[in-house]
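User: I would like to go through this model and ask, term by term, what each description rests on. Please set each value against its cut-off before you conclude.

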Amino acid sequence: MVLLYNARDATRDVDAFALLSANPESLRVAVRKVAELLDLPEDWLNNGAKGYLHGLALGDVLLERPFLIVRTVTPQQLLAMKLCAWRDDVDIADARLLLSKIPGDKDRIWDTIQSYLIPGRELKARYAYEDLWELEHGSS
């Protein structure tokens, strides 16, 4: 959210997952080197968000180098992840921003995010979405 939309001034860590890595150990070494060079905590690259990832809808490329491509998932998938988490004010603020980036009415947007909801969290996400929509557009 910070890199993609400049949504916040700071974040505690970077949520990421490696889609393809020929050598996972080289990725871990690179992460440790970046931590040392930039005086970051060892856990600055967090793969915990993958627990909210269901399916994969590749979004914009944020950085491309010969041996590294950094990209986001689509706003629809990010919104689904935020709705499934729905833990705190940060999730709510992020979801509000993401909702503004997705065109369509209430039902159309819901239809575009349903396939990315974590199985078992669909009801939580639906209630969160209803609250979010009401927050942004009033009751309908």
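**What the descriptions rest on**

Analyst: Of the 140 residues of the protein, 28% count as buried. The model is a predicted one, and the protein has 6 helices and 4 strands, which run from the N terminus as α-β-α-β-β-β-α-α-α-α. Along its principal axes, the C-alpha trace spans about 50 × 30 × 25 Å.

User: Why is Thr 72 called buried?

Analyst: The relative accessibility of Thr 72 is 11%, and buried means under 20%, so Thr 72 counts as buried. Thr 72 has its place in strand E4, and, leaving aside neighbours within four places in sequence, it is in contact with Leu 4, Ala 57, Leu 58, Gly 59, Asp 60, Leu 62 and Leu 78.

User: What makes Thr 74 buried or exposed?

Analyst: Its relative accessible area is 17%; since the cut-off for buried is under 20%, Thr 74 is buried. Thr 74 lies in the loop between E4 and H3, where, not counting residues up to four places away in sequence, it touches Ala 57, Leu 58 and Gly 59.

User: How do you know that E3 and E4 pair, and in which sense?

Analyst: A pair of strands needs at least two bridges, and strand E3 (residues 58–65) and strand E4 (residues 68–73) have 5 bridges in the antiparallel sense, so the two strands qualify as paired. Arg 65 stands opposite Leu 68 in E4, and with 2 residues between them E3 and E4 form a hairpin.

User: What makes H3 largely enclosed by the rest of the structure?

Analyst: The description follows from a count, because 9 of the 11 residues of H3 are buried. Those buried residues are Gln 77, Leu 78, Leu 79, Ala 80, Met 81, Lys 82, Leu 83, Cys 84 and Ala 85, and what covers them includes H1, E4, H4, H5 and H6. Just after H3, Trp 86 takes a positive phi of about 40 degrees.

User: How do you know that the span of H4 agrees with its number of residues?

Analyst: At 1.5 Å a residue, the 13 residues of H4 should span 18 Å, and the end C-alpha atoms are 19 Å apart, so the two values agree.

User: Which residues of H4 are buried, and why are they said to line one face of the helix?

Analyst: In H4 the buried residues are Asp 91, Asp 94, Ala 95, Leu 98 and Leu 99. Seen down the axis of H4, they fall within an arc of 140 degrees, and therefore they line one face of the helix. An α-helix has 3.6 residues a turn, so residues three or four places apart point the same way. The face of H4 turned away from this buried side carries Asp 89 and Ser 100, which are exposed, whereas the cover over the buried residues of H4 includes helix H1 (2–5), H3, H5 and H6.

User: What describes the crossing of H5 and H6, and which residues of the two helices meet?

Analyst: The axes of H5 and H6 come within 12 Å and cross at roughly 145 degrees, and the crossing is right-handed. On the H5 side, Lys 106, Ile 109, Trp 110 and Ile 113 meet Glu 122, Ala 125, Arg 126, Tyr 129, Glu 130 and Trp 133 in H6.

User: What share of the contacts between residues at least 6 apart in sequence joins residues at least 24 apart?

Analyst: Among those contacts in the protein, the share is 57%.

Notes
Residues are numbered from 1 along each chain as its sequence is written. This is a predicted model: local features need pLDDT of at least 70, side-chain atom pairs count only at pLDDT 80 or more; totals for chains, interfaces and linings use all residues. Side-chain values use heavy atoms; hydrogens and water are left out. Axes are lines fitted to C-alpha atoms, for helices over the stretch in contact, and angles run from 0 to 180 degrees between N-to-C directions. A crossing is left-handed if the near helix is turned anticlockwise from the far one by less than a right angle, and right-handed if clockwise. Contact means heavy atoms within 4.5 Å. Buried means under 20% relative accessible area, exposed over 50%, partly exposed in between (1.4 Å probe, protein chains only). The expected span of a helix is 1.5 Å times one less than its number of residues. The arc is that of the directions from the helix axis to the C-beta atoms.
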